[in-house]
Amino acid sequence: MLINHPILGPRDASEFVYLGDANLIHRPDWQAEDALAQFTKYGYLRDNPAGEHRELWFHEQGDRSWLIVTRNTLTHEISKVEMARDVASAEGRSK
Amino acid sequence: MRYSGFRVIKEALTGHRGWGPAWRDIDPKSSYDYIIIGGGGHGLATAYYLAKEFGKSRVAVLEKDWIGGGNVGRNTTIIRSNYLLDGNEPFYEFSLKLWEGLEQELNYNAMVSQRGILNLIHSDAQRDAFIRRGNAMILNGADAELLSTEQILKSYPFLNVDNARFPIMGGLAQHRGGTVRHDAVAWGYARGADQRGVDIIQNCEVTGFKIENGRCLGVDTTRGFIGAQKVGACVAGSSSRLMAKASMRLPIETHVLQAFVSEGIKPLLPGVITFGAGHFYCSQSDKGGLVFGGDIDGYNSYAQRGNLPVIEDVCEGGMAILPMLGRARLLRSWGGVMDMSMDGSPIIDRTHVDGLYFNGGWCYGGFKATPASGFAYAHLLATDTPHQTATAYRFDRFATGRMIDEKGMGNQPNLH
Ligand SMILES: Cc1cc2nc3c(=O)[nH]c(=O)nc-3n(C[C@H](O)[C@H](O)[C@H](O)COP(=O)(O)OP(=O)(O)OC[C@H]3O[C@@H](n4cnc5c(N)ncnc54)[C@H](O)[C@@H]3O)c2cc1C
């Protein structure tokens, strides 16, 4: 698989480390009333869809940035690659 | 029909016209007491033990394709019970004991071959870890023996124990481990279940559950609605897809694992060996092919095929420990999609829906578990209590912190 890195262009997937579902950037609020239940879901439950999946890849043997890759788990076809940083800041998270 | 040596001779003399199909091909009835979803090894074993051990009738197995086309027919056929943790080891040892009597029990040649499995040791730390594991195995009634390099060389004279990079310092052997003909396990259980009245229905995909007032009343399938008192899901790599139809999110990711077989060569490997300094394991099939594998590809996939970097990685591991492998041609490689759980251990449990049960999360190690998984799942379905060897395989262990994490990797499925 080739991952089209927004800055570096197409890179072999073996340069990356895979973390999992991109929802992992939505860490729950540790001060919420139901923080324990939220963290259990966050830590352990996954949608695991057959089809389009947004997922986190870390460019360990490259520029060490986190990417959000939209990939089809049935065909391995990659349709979109974003910098995780951009996605998070667009959501008003890390400033 | 009973299979026997006499029968083989008789059929040979009469042109093999009398064998007949090993199980019936039938249409689904409108309802059953028990529906098992998934005709893999675990689903078929569950149905078999429901009928045989718990005396249940009106049992059906619904399989979307043909039985044995999933992971039960794609794995590298290794059986063993060399686990460390309390939640696991009694269960896998129970499974190995069931394997030991399986062929007589099923009257089916599953080619159970206890040729032994040897985990090679390459460092002092690894030796300490394997001694601990061996002791845990023995405490749970399994067999384990720490072998010296001299002992290893008797069976594997070609291993380079003085390798500068990965010296071999010994090995942990489980002599009762080995290999089994994987398809024959599916066929043997199917035949045994069918003989006890279980309906095995192929080309019947479950597309939804009928759930009313928190109770499962049956399943929608590509061949219509089928009612049931109890429904047991048992679909391995498809677990999340199926259970989403009952509004469940699982502690599971689906990943692809590849396996490889070389051209047939003369007898070389007497048993199964695993390389401890990389991820590579190998055995030799009765046809002579070297059957080997290594790591999962590492990303979510339902594709039943992997990519080249892992092929390279596995072959590098193979060349490091068995350089002669480079002279053999690779004949085939294939992939299967596996239900990788968050702690690397399985789940056999009830769900939040009455009458709906779940079996999954087997990762890349569920073939060896087939008999015990079927037995324990049948126990749960029939009695609503977990089998004594499967009490730890619960959904709520992730919320209560009772993970069964053999490798101590945490909630990262691609590291288990
Ligand atoms: C390459 C590879 C090597 C492996 N090596 C080993 C090994 O050496 N030792 C070991 O112990 N384990 C090994 N495993 C793991 C082992 O094969 C699996 O854990 C085990 O087979 C899973 O259980 P099963 O046999 O019931 O699964 P499967 O055979 O996959 O059965 C699940 C069935 O459910 C069916 N299904 C799915 N969705 C539906 C639906 N909606 N309706 C109806 N039916 C459905 C599927 O078609 C399939 O037939 C390996 C796996 C792979 C892929």
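A polar side-chain atom of Thr76(B) lies 2.8 Å from an oxygen atom of the ligand. The model in which this distance is found is a predicted one.

**The ligand and its surroundings**

- Of the ligand's accessible area, which is 1,000 Å² when the ligand is taken alone, the protein buries 96%.
- The ligand is surrounded by 36 residues, and the closest are Glu63(B), Asn71(B), Val72(B), Thr76(B) and Lys368(B).
- The side chain of Glu63(B) has an N or O atom 2.6 Å from an oxygen atom of the ligand.
- In chain B, α2, β12 (252-264) and β16 (330-341) each supply at least two residues of the shell around the ligand.
- Which element gives the largest share of this shell? That element is β12(B), with three residues.

**The nonpolar cores**

- The largest nonpolar core contains 52 residues, and those with the most contacts inside it are Tyr49(B), Phe91(B), Trp99(B), Tyr189(B) and Ile348(B).
- At least two residues of this core come from each of the following elements of chain B: β1 (31-37), α2 (41-52), β2 (59-62), α3 (89-106), α6 (182-195) and α9 (370-383).
- The element that gives the most to this core is α9(B), which provides eight residues.
- Another core, of 29 residues, lies apart from this one, and Tyr32(B), Cys204(B), Ala228(B) and Phe395(B) are among its members.
- When residues up to four places away in sequence are not counted, Phe91(B) touches Ile348(B), Trp362(B), Ala369(B), Ala372(B), Ser373(B), Ala376(B), Thr389(B), Ala390(B) and Tyr393(B).

**A hairpin in chain A**

- Strands β1 (residues 2-5) and β2 (residues 9-12) of chain A run antiparallel and are joined by four bridges.
- A hairpin of three residues leads from β1(A) to β2(A).
- Leu2(A) has Asp12(A) as its bridge partner in β2(A).

**Phe16 of chain A**

- Phe16(A) is located in the loop between β2 and β3 (17-21) of chain A.
- Is Phe16(A) buried or exposed? Phe16(A) counts as buried because its relative accessibility is 7%, and the cut-off for buried is under 20%.
- Apart from neighbours within four places in sequence, Phe16(A) is in contact with Ile3(A), His5(A), Arg11(A), Trp57(A), Phe58(A), His59(A), Glu60(A) and Leu67(A).
- Phe16(A) and Glu82(A) are 66 residues apart along the chain, and their C-alpha atoms are separated by 14 Å.

- Most residues other than glycine have a negative phi.
- His16(B), which is not a glycine, has a positive phi near 55°.
- His16(B) lies in the loop between α1 (5-13) and β1 of chain B, and with a relative accessible area of 45% His16(B) is partly exposed.
- Asn107(B) is not a glycine either, and its phi is positive, at about 50°.
- The loop between α3 and β4 (117-121) of chain B holds Asn107(B), which is buried, with a relative accessible area of 13%.

Terms used: Residues numbered from 1 in each chain as written. Chains lettered and ligands numbered in written order. Predicted model: local features only at pLDDT ≥ 70, side-chain atom pairs only at ≥ 80, totals over all residues. Heavy atoms only, no water. Core = buried A, V, L, I, M, F, W, Y, C linked by side-chain atoms within 4.5 Å. Buried < 20%, exposed > 50% of the residue type's maximum accessible area, 1.4 Å probe, protein only. Contact = heavy atoms within 4.5 Å. Pairing = 2+ DSSP bridges. Near = heavy atom within 4 Å. Polar contact = N/O pair within 3.5 Å; in protein donor to acceptor, adjacent residues only side chain to side chain. Areas by Shrake-Rupley, 256 points an atom, 1.4 Å probe, with all protein chains shown as cover.
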